[in-house]
Amino acid sequence: MSAPHATHSRFDGLPDSPFPRLNALIEGVQPGMDPIIMSLGEPQHPFPDFITRTIVENAQSFGKYPPIIGTPEFRASVAGWLGRRYDIADAIGPGKPLDPDTQILPVNGTREALFNAALVATPSMKAATRPAILMPNPFYQCYAAAALAAGADPVYVAAIAANGFMPDFAGLPDMLLARTAMIYVCSPANPQGSVASLAYLKELLTLARLHGILLAVDECYADIYDRDKPAGALQAALELDGTLDNLIVFHSLSKRSSLPGLRSGFCAGDKSFMARFRNFRNIAAPQVPMPLMAASAAAWNEDTHAADNRTLYRRKIDMAERTLGNRFSFYRPAGGFFLWLDVGDGERAAYDLWAKGGVKVLPGAYLSRDNSGLAGDTDESNNPGTAYIRVALVESEAKTQTALTRMAEIL
């Protein structure tokens with residue numbers, strides 16, 4: 001009789017993916033109207049024409065292994081965009097705080113980089129005990145998977161209306177901060193659309209440096225904003241002391257350029273960490289194919305299409321404001337393209353919207369976990385997403401208006 005396969009318990013605490021949970025919730029339910037998918041944050045806007053042309057022009061490069069550090073053209077395009085977007089061009093270049101040749105890396109979509117960064121950043125022990133990785137609650141599920149893979153305890157810190165949907169990491173116990181290896185923060189935030197102020201980022205980076213923590217800032221929605229440009233963590237670091245110590249930022253073309261299938265982004269930051277991350281990626285991480293890297297460079301070099309994209313999202317937020325008014329604690333998200341609506345019972349609302357109106361939205365509870373009993377928790381709910389639904393404004397304007405009208409009638 002053969003011995004049973006060993007079971008690996010490292011991922012026992014892994015959150016369930018929200019989308020299979022949603023499919024299970026509505027399984028077998030035939031929608032009352034033509035379906036409109038508002039659950040997945042997959043941009044449906046047209047991407048720039050030059051992307052296809054650039055891929056075709058560089059197609060012969062599919063026959064080459066791409067370098068993990070990317071091409072000089074890619075790194076230069078990213079550096080140029082960072083300089084324009086955050087007004088930090090004077091700090092970018094050889095011998096300056098951000099050297100494109102050593103502190104910018106292309107990544108095969110930011111999800112893999114957000115995951116792999118934790119493996120490099122997390123020691124086996126910190127403060128003589130098991131390390132922790134902090135993250136907002138609600139959160140991007142990848143953060144929790146990364147913490148568990150790195151052998152750390154994921155700690156979910158409430159990001160709720162009472163704190164402007166920005167978690168109070170500074171209010172956590174000193175013993176927890178001492179064993180923390182990494183902090184994930186997302187700005188503009190998914191799902192709430194909140195934006196970290198420059199002061200918040202400076203305070204958080206100061207906290208990270210005090211406790212020897214890597215601050216990982218997910219800024220993938222940075223070019224989708226309502227009125228004011230969101231501040232960036234690189235800006236905060238440079239204003240703080242002119243260095244990028246203890247900081248790594250992540251950016252993507254998925255949202256900015258409506259190119260989720262290109263699987264292209266970049267990370268940048270702390271010189272020492274980026275050297276270690278580069279060494280890891282040379283062995284264990286996927287590269288971005290050369291033709292796609294050329295297309296990515298073209299996208300980072302061109303800002304008009306991103307501005308047009310932003311205008312489309314702004315018009316759909318206008319629709320939501322007109323249609324929903326002051327219901328469901330509606331507010332205009334400062335960044336990103338999600339509505340975070342308080343409907344009392346998000347799971348019930350998601351079921352009803354699908355069954356009666358064919359509108360597929362995501363229950364907020366599927367994006368969060370029970371609060372951890374730490375600073376920032378409140379009594380409003382064990383799971384801070386329970387009362388909410390997330391609505392992705394990614395469809396055409398016509399479909400978006402139809403979906404919003406149905407929501408207003410059904411909820």
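# Rings, sulfurs, strands and cores: reading the labels

Modeller: A search of the whole structure finds 14 aromatic pairs. The model is predicted, so local features need pLDDT of at least 70 and side-chain atom pairs count only at pLDDT 80 or more, while totals for chains, interfaces and linings use all residues. Residues are numbered from 1 along each chain as its sequence is written, and side-chain values use heavy atoms, with hydrogens and water left out.

Colleague: Why is the pair of Trp-81 and Phe-266 called edge-to-face?

Modeller: The ring centres of Trp-81 and Phe-266 are 6.3 Å apart, with 75 degrees between the planes. Rings of Phe, Tyr and Trp (its six-membered ring) pair if their centres lie within 6.5 Å; planes under 30 degrees apart count as stacked, over 60 as edge-to-face and the rest as tilted. The distance of 6.3 Å therefore makes a pair, and the 75 degrees makes it edge-to-face.

Colleague: What makes this a link between distant parts of the chain?

Modeller: Trp-81 is in helix H3 (residues 72–86) and Phe-266 in strand E8 (residues 265–269), 185 residues apart. Helices (H or I, at least four residues) and strands (E, at least two) are DSSP runs, numbered from the N terminus.

Colleague: How do you know whether Trp-81 is buried or exposed?

Modeller: Buried means under 20% relative accessible area, exposed over 50%, and partly exposed in between (1.4 Å probe, protein chains only). Trp-81 has 2%, so Trp-81 is buried. Phe-266, at 0%, is buried as well.

Colleague: What makes Tyr-140 and Tyr-143 an edge-to-face pair?

Modeller: Their ring centres are 5.6 Å apart and their planes are at 85 degrees, so the pair is edge-to-face. Tyr-140 has a relative accessible area of 30% and is therefore partly exposed, whereas Tyr-143, at 1%, is buried.

Colleague: Which residues form one aromatic cluster with Trp-81?

Modeller: Tyr-86, Phe-266 and Trp-300.

Colleague: Why is Arg-281 said to lie over the face of Phe-277?

Modeller: A charge sits over a ring if NZ of Lys or CZ of Arg is within 6 Å of the ring centre and within 35 degrees of the ring normal. Arg-281 lies over the face of Phe-277 at 5.4 Å from the ring centre. Lys-360 lies over the face of Trp-354 at 5.9 Å.

Colleague: How do you know that Cys-186 is in no disulfide?

Modeller: For Cys-186 the nearest cysteine sulfur, that of Cys-220, is 7.1 Å away. For Cys-267, also in no disulfide, the nearest is again that of Cys-220, at 11 Å. Cys-186 has 8% relative accessibility, so Cys-186 counts as buried; Cys-267, at 0%, counts as buried too.

Colleague: What makes E8 mostly covered?

Modeller: In E8, 5 of its 5 residues are buried. On one side these are Gly-265, Cys-267 and Gly-269; on the other, Phe-266 and Ala-268. In a regular strand the side chains alternate between the two faces of the sheet.

Colleague: How do you know that strand E2 pairs with E8?

Modeller: Two strands pair if DSSP finds at least two bridges between them. Between E2 (residues 104–107) and E8 there are 4 bridges, and the strands run antiparallel. Strand E7 (residues 247–252) is joined to E8 by 5 bridges, again antiparallel. Gly-265 in E8 is the bridge partner of Val-107 and stands opposite Ser-252.

Colleague: Why are E9 and E11 called edge strands?

Modeller: The open sheet has 3 strands in the order E9-E12-E11, with antiparallel pairing. Strand E9 (338–342) and strand E11 (362–363) each pair on one side only. E9 is joined to strand E12 (residues 388–392) by 5 bridges, and Leu-341 has Ile-389 in E12 as its bridge partner.

Colleague: Which residues touch the most other members of the largest nonpolar core?

Modeller: A nonpolar core is a set of buried Ala, Val, Leu, Ile, Met, Phe, Trp, Tyr and Cys residues joined through side-chain atoms within 4.5 Å. Of the 57 residues in the largest one, Leu-82, Phe-169, Leu-215, Leu-247 and Phe-266 touch the most other members. Leaving aside neighbours within four places in sequence, Leu-82 is in contact (heavy atoms within 4.5 Å) with residues including Ile-92, Leu-234 and Phe-266. A second, separate core of 30 residues includes Ala-147, Ala-152, Tyr-184 and Ala-216.

How values were computed
A disulfide is a pair of cysteine sulfur atoms within 2.5 Å.
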